[in-house]
Amino acid sequence: MYVKIIDKGECFSTTMEFINGIYANKTEWAKYNFYPKNGMVGEIVKRTPSAYIVKIKEGIYVPMTRKGIKEITYEEYLAGQPNNVCNGMDERQKRINDQVDDFNAQTGYDWQHLPDMRMYFKQDVIQNITKLTCDFKRNIFLPDLEKSAVIYAVDMCLEYRNKSGRNLAPMTIEDISNQVCDVYMELFKGQFLQSSKDKCLQQISDMVMKPNAQEIVNEYYQQVNIRYSWS
């Protein structure tokens, strides 16, 4: 069965799956400066209870959920081969991976409490607001801020969940949500208040549990990017 990666966030990068003497995880990928990207194509060579193992090229195997891949024909697989370029992960993904790896190495305790990530979240939030306001040419109102906070926090929860390869503990989701909302309270003092934070925390908790949470996040950013490109 041949497939295309349609949602790179649905990969498991830390599994211990072993295929033909090769691990299907980011440690092995690093040897080739590889990281999964949307549009890459491959062949499913193994199925586990939680993932489909996709062979991208010789020596590179990627565990994906069913939501992250789309079945394609052999002809489409051949045509998509040029997309399988080994040029590493993007800066945002690298930052997330490095932060979590550093935290795990320091604490020896995996996926419970996160360190203070507000500085890193702040960089992303500023970029998001820049696009949302079309380079600050348009006004932004409280409902827009609240929605952007919810979407970004859910996005981060999904990123960390996918990197860990398992569901996040409620306290981890709470840590991420609180830190994201703290960034909004700092950037938008007098507008994004504790009442907004409380509202967003509840919405984040509800949304992150939805089976289509990633689709909601992707659609939101797609609309933001379309509007920004038109500005």
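**Core and helix packing in a predicted model**

Reader: In this predicted model, which residues of the largest nonpolar core touch the most other members?

Author: The largest nonpolar core holds 35 residues, and helix 4 (118-132), helix 5 (142-164), helix 6 (170-187), helix 7 (194-207) and helix 8 (213-230) are the elements that each give two or more residues to this core. Within the core, the residues that touch the most other members are F121, I129, V154, I176, Y184 and F192.

Reader: Which helix gives the most to this core?

Author: Among the elements that give two or more residues are helix 4, helix 6 and helix 8. The one that gives the most, with 11 residues, is helix 5.

Reader: Which residues does Y184 touch, not counting residues up to four places away in sequence?

Author: Y184 belongs to the group of core residues that touch the most other members. With residues up to four places away in sequence left out, Y184 touches V125, I129, L145, S148, A149 and F192.

Reader: How are helix 4 and helix 8 oriented to each other, roughly parallel or oblique?

Author: In the contact between these helices, N128, T130, K131 and L132 of helix 4 meet Y220, Y221, V224, N225, R227 and Y228 of helix 8, and these residues divide into 5 nonpolar, 3 polar and 2 charged. The axes lie 8 Å apart and the packing angle is about 55°. Angles under 35 degrees count as roughly parallel, and helix 4 and helix 8 are therefore oblique.

Reader: What share of the residues in the protein chain is buried?

Author: The protein chain comes to 8 helices and 7 strands, and a second, separate core of 15 residues includes I5, W29, M40 and I69. Of the 231 residues in the chain, the buried share is 46%.

Terms used:
Residues are numbered from 1 along each chain as its sequence is written. This is a predicted model: local features need pLDDT of at least 70, side-chain atom pairs count only at pLDDT 80 or more; totals for chains, interfaces and linings use all residues. Side-chain values use heavy atoms; hydrogens and water are left out. A nonpolar core is a set of buried Ala, Val, Leu, Ile, Met, Phe, Trp, Tyr and Cys residues joined through side-chain atoms within 4.5 Å. Buried means under 20% relative accessible area, exposed over 50%, partly exposed in between (1.4 Å probe, protein chains only). Helices (H or I, at least four residues) and strands (E, at least two) are DSSP runs, numbered from the N terminus. Contact means heavy atoms within 4.5 Å. Axes are lines fitted to C-alpha atoms, for helices over the stretch in contact, and angles run from 0 to 180 degrees between N-to-C directions. Angles under 35 degrees count as roughly parallel, over 145 as roughly antiparallel, 65 to 115 as roughly perpendicular and the rest as oblique. Ala, Val, Leu, Ile, Met, Phe, Trp, Tyr, Cys and Pro count as nonpolar, Asp, Glu, Lys and Arg as charged, and the others, Gly among them, as polar.
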